[in-house]
Amino acid sequence: PFNTDIDTVRGQETGYATLNPLSAGSQCTLSDGNLGITWSGTSGHSAGSTIPMESGKWYMEFTMGSVGGFIGIIPSTYNNTLNIWPGNSTYGTGSYGYYYTNGQLYQNSSASAYGDTWTTGDTVAAALDLDEGILTFYKNGVSQGTAASGLTLDYIFAIGFSDTATGGTPGIVNFGQKPFKFPPPDGFQPL
């Protein structure tokens, strides 16, 4: 799938990102052209986007299926299988994850109060501004506030799961292949 207008803006001919099956945790099952994700197991594995982000302003959405987890970012320099959730110290201090069951923000495996909880059918989004170094999460189109600032690394978007539930209907990511359910903030592009 190509979008000539967006690809012209980027100055390149490329398709949209999907979830990367080559680095997805072994307990993740990808479907629907690597846009659907389910999970089974006890370790909270993740799947990340195929396209890393080095600069610019990027936006993606995740509509939760019957099992929730994390939406976040992981440094793109992490070259191993994504066997744990975004925001875990395994990925270094530059990884962040917004957790569904309590709305907390995880960074370096530490949790802090952040935003609203989310559940089946909710659409959560990540807006990553690498020009200003700011990460913001959204729930059903409403900003949850700045999650992180001072970001200087290159990143991938990631969807991960907790170790408290398994299976269910897939959650669906959208990097811009389809119209976004909620409008991105001004100046943010699909990936």
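Okay, two strands count as paired if DSSP finds at least two bridges between them. Strands themselves are DSSP runs of E, at least two residues long, numbered from the N terminus.

Before I go on, a word on the model. It's a predicted one, so local features need pLDDT of at least 70 and side-chain atom pairs count only at pLDDT 80 or more, while totals for chains, interfaces and linings use all residues. Residues are numbered from 1 along each chain as its sequence is written, and side-chain values use heavy atoms, with hydrogens and water left out.

Let's start with strands 1 and 2. Strand 1 covers residues 28-31 and runs antiparallel to strand 2, with four bridges joining them. Across that pairing, Thr29 stands opposite Thr38, and Cys28 stands opposite Trp39. The hairpin has four residues between the strands, and in it Asp32 takes a positive phi near 50°.

Now, which faces are covered? In general, side chains in a regular strand alternate between the two faces of the sheet. Strand 1 has Cys28 and Leu30 on a covered face, with Thr29 and Ser31 on an uncovered one. Strand 2, residues 36-39, is covered on both faces: Gly36 and Thr38 sit on one side, Ile37 and Trp39 on the other, and all of them are buried. By buried I mean under 20% relative accessible area; exposed is over 50%, and partly exposed is in between, with a 1.4 Å probe and protein chains only.

Strand 2 has another antiparallel partner to mention, strand 13 (residues 171-174), over two bridges. There, Ile37 has Gly171 as its bridge partner.

Tyr106 has Ala111 in strand 8 as its bridge partner.

What about the inside? A nonpolar core, here, is a set of buried Ala, Val, Leu, Ile, Met, Phe, Trp, Tyr and Cys residues joined through side-chain atoms within 4.5 Å. The largest one has 49 residues, and Ile71, Leu135 and Phe157 have the most contacts inside it. Strand 12, residues 155-161, gives the most to this core: six residues. Apart from that core lies another, of six residues, including Tyr59 and Phe180.

Tyr59 takes us to the aromatics. Rings of Phe, Tyr and Trp (the six-membered ring for Trp) pair if their centres lie within 6.5 Å; planes under 30 degrees apart are stacked, over 60 edge-to-face, and the rest tilted. Searching the whole structure turns up 16 aromatic pairs. One of them is Tyr59 with Tyr138, edge-to-face, at 6.5 Å centre to centre and 70° between the planes. This pair links distant parts of the chain, 79 residues apart: Tyr59 is in strand 4 (residues 57-63) and Tyr138 in strand 10 (residues 134-139). Tyr59 is buried at 2% relative accessible area, and Tyr138 is buried at 16%.

Tyr98 and Tyr114 make another edge-to-face pair, 5.2 Å centre to centre with 85° between the planes. Tyr98 lies in strand 6 (residues 96-99) and Tyr114 in the loop between strand 8 and strand 9 (123-129), so the pair ties together parts 16 residues apart in sequence. Both are in one aromatic cluster, whose members include Trp85, Tyr106 and Trp118.

Last bit: how many salt bridges? A salt bridge needs a side-chain nitrogen of Lys or Arg within 4 Å of a carboxyl oxygen of Asp or Glu, and the count comes to one. Lys139 forms it with Asp122, the closest N and O atoms being 4.0 Å apart. Lys139 is in strand 10 and Asp122 in the loop between strand 8 and strand 9, so parts 17 residues apart in sequence get tied together. Lys139 is buried at 18% relative accessible area, and Asp122 also counts as buried, at 13%.
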